Amino acid sequence: NIDWHMCFHFFSLGICHCHTGDLIKAIDLMEEAYRLADNSQERHYAGKSLIWLGRLTGLADSHKKNEAIEYIQRVLKNLSALQTKPDVSIAHLFLGEIYWSQGSENKAAGFLKHAAVKFEEMGMDSWLDKTQEILEQL
């Protein structure tokens, strides 16, 4: 299915643009990745795309933090059902980041602690380090 293959590339490019700081382009690419994944009924990549779309939305516009949270929470149940533990843990990290940026430290701590435990269990050290950096600032 060509939509699935295109989805993967749009997703990857979106992450690259995120890391270069071009959040508007990253959002456009992630929206396209989600559209293609959804069209091809590829739930895993649709979920991954929404997680990152939530994070990017929150980073790009401080007035859209609630929208960012909704993107991520919308997909958590589906990804949990698919048992994609790394993606679910990344979603928890991103929710923790967003809540922390809003000043909701208790909510942030809950999501971040959950993510940290799962990252440690899976040996995802770079993600664990990112999570612990934020936890130390709470």
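**Helices and cysteines in a predicted model**

Student: What do the buried residues of α7 pack against?

Tutor: The buried residues of α7 pack against α3 (43-60), α5 (85-101) and α6. Packing is judged by contact, meaning heavy atoms within 4.5 Å. Helices (H or I, at least four residues) and strands (E, at least two) are DSSP runs, numbered from the N terminus.

Student: Where does the model come from, and how are residues numbered?

Tutor: This is a predicted model, in which local features need pLDDT of at least 70, side-chain atom pairs count only at pLDDT 80 or more, and totals for chains, interfaces and linings use all residues. Residues are numbered from 1 along each chain as its sequence is written, and side-chain values use heavy atoms, with hydrogens and water left out.

Student: Back to α7. Which residues are buried there?

Tutor: In α7, the buried residues are Trp127, Leu128, Thr131 and Ile134. Buried means under 20% relative accessible area, exposed over 50%, and partly exposed in between (1.4 Å probe, protein chains only). These four residues cover an arc of only 130 degrees around the axis, so they are on the same side of α7. The arc is that of the directions from the helix axis to the C-beta atoms.

Student: Why would residues a few places apart point the same way?

Tutor: An α-helix has 3.6 residues a turn, so residues three or four places apart point the same way.

Student: What about α5: how much of it is buried?

Tutor: Of its 17 residues, 13 are buried, so α5 is largely enclosed by the rest of the structure.

Student: Is Glu121 buried or exposed?

Tutor: Glu121 lies in helix α6 (residues 105-122) and counts as exposed, because its relative accessibility is 57%.

Student: New topic. How many disulfides are there?

Tutor: The structure holds zero disulfides, a disulfide being a pair of cysteine sulfur atoms within 2.5 Å.
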